[in-house]
Amino acid sequence: MKWQVKQMMKESEKKVYTMQDIYALPDGKRAELIDGQIYSMAPPSFTHQRILNYLNNEIYNYIKSKDGTCEVIPAPFAVFLDGNDNKNYLEPDLSVICDLSKLDEKGCHGAPDWVIEIVSPSSKPRDYIKKMLKYGTANVREYWIVDPEEKIVTVYGFENETMKQYPFGKAVPVGIYEGFSINVS
């Protein structure tokens, strides 16, 4: 019981950060703000960047081939899930935004239609728990977690309340685009 009280006190003593703190970071320092807590972002690995480049190209080429108007935007790119919220700022690895009125020079104001995160060992708890909950409650339609270490793609279809996992090497259907799938390998 004493441990729980001490833990609750520690939680209440945490400093709550805002967008001002994010914008005050030194140039080149990347971080995300989730529920008033700043999470530094380590530089991505070569494998991370290869996967990001591949997915970005596949999605961009698909949208272009269908004369689509959605934008696919790789990180670093700011996503403000709720325009009135001063305690959350995310930089998904890939964002697909179909409502172009959400976009301006500062980022995306509102939920992207599809978000992809490529996890690293240090970002797993954030990507699998914190961000999944944020994206799900913000009306992101589809959320992919690509895990190079486990060689698994976890797909959350928030519209249909589904969650499926696909091993690398197997085609992963894209829920927001009927007939489109991507083979992550």
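How many aromatic pairs does the count come to? The count comes to nine aromatic pairs, where rings of Phe, Tyr and Trp (its six-membered ring) pair if their centres lie within 6.5 Å. This is a predicted model, in which local features need pLDDT of at least 70, side-chain atom pairs count only at pLDDT 80 or more, and totals for chains, interfaces and linings use all residues. Residues are numbered from 1 along each chain as its sequence is written, and side-chain values use heavy atoms, with hydrogens and water left out.

**Aromatic rings**

- Trp114 and Trp144 form an edge-to-face pair, with 5.1 Å from centre to centre and 65 degrees between the planes; planes over 60 degrees apart count as edge-to-face, those under 30 as stacked and the rest as tilted.
- This pair links distant parts of the chain, since Trp114 is in strand S8 (residues 114–118) and Trp144 in strand S9 (residues 142–147), 30 residues apart.
- Helices (H or I, at least four residues) and strands (E, at least two) are DSSP runs, numbered from the N terminus.
- Trp114 and Trp144 are both buried; buried means under 20% relative accessible area, exposed over 50%, and partly exposed in between (1.4 Å probe, protein chains only).
- Ring pairs join Tyr62, Trp114, Trp144, Tyr177 and Phe180 into a cluster.

**Charges over rings**

- The charged end of Lys15 sits over the ring of Tyr17, 5.0 Å from its centre; this requires NZ of Lys or CZ of Arg within 6 Å of the ring centre and within 35 degrees of the ring normal.
- Over the ring of Tyr23 sits the charged end of Lys106, 5.8 Å from the ring centre.

**Salt bridges**

- The count comes to eleven salt bridges, each a side-chain nitrogen of Lys or Arg within 4 Å of a carboxyl oxygen of Asp or Glu.
- Arg30 forms a salt bridge with Glu91, and their closest N and O atoms are 2.8 Å apart.
- Arg30 lies in the loop between helix H2 (19–23) and strand S1 (31–34) and Glu91 in the loop between strand S4 (79–80) and strand S5 (94–97), so the pair ties together parts 61 residues apart in sequence.
- Arg30 is partly exposed at 25% relative accessibility, while Glu91 is buried at 6%.
- Lys124 forms a salt bridge with Glu149, with the closest N and O atoms 3.2 Å apart.
- Lys124 also meets Glu150 in a salt bridge (3.7 Å, N to O).
- Lys124 is buried, with a relative accessible area of 18%, Glu149 is exposed at 55%, and Glu150 is partly exposed at 45%.
- A network of salt bridges links Glu32, Glu117, Arg126, Asp127 and Lys131.
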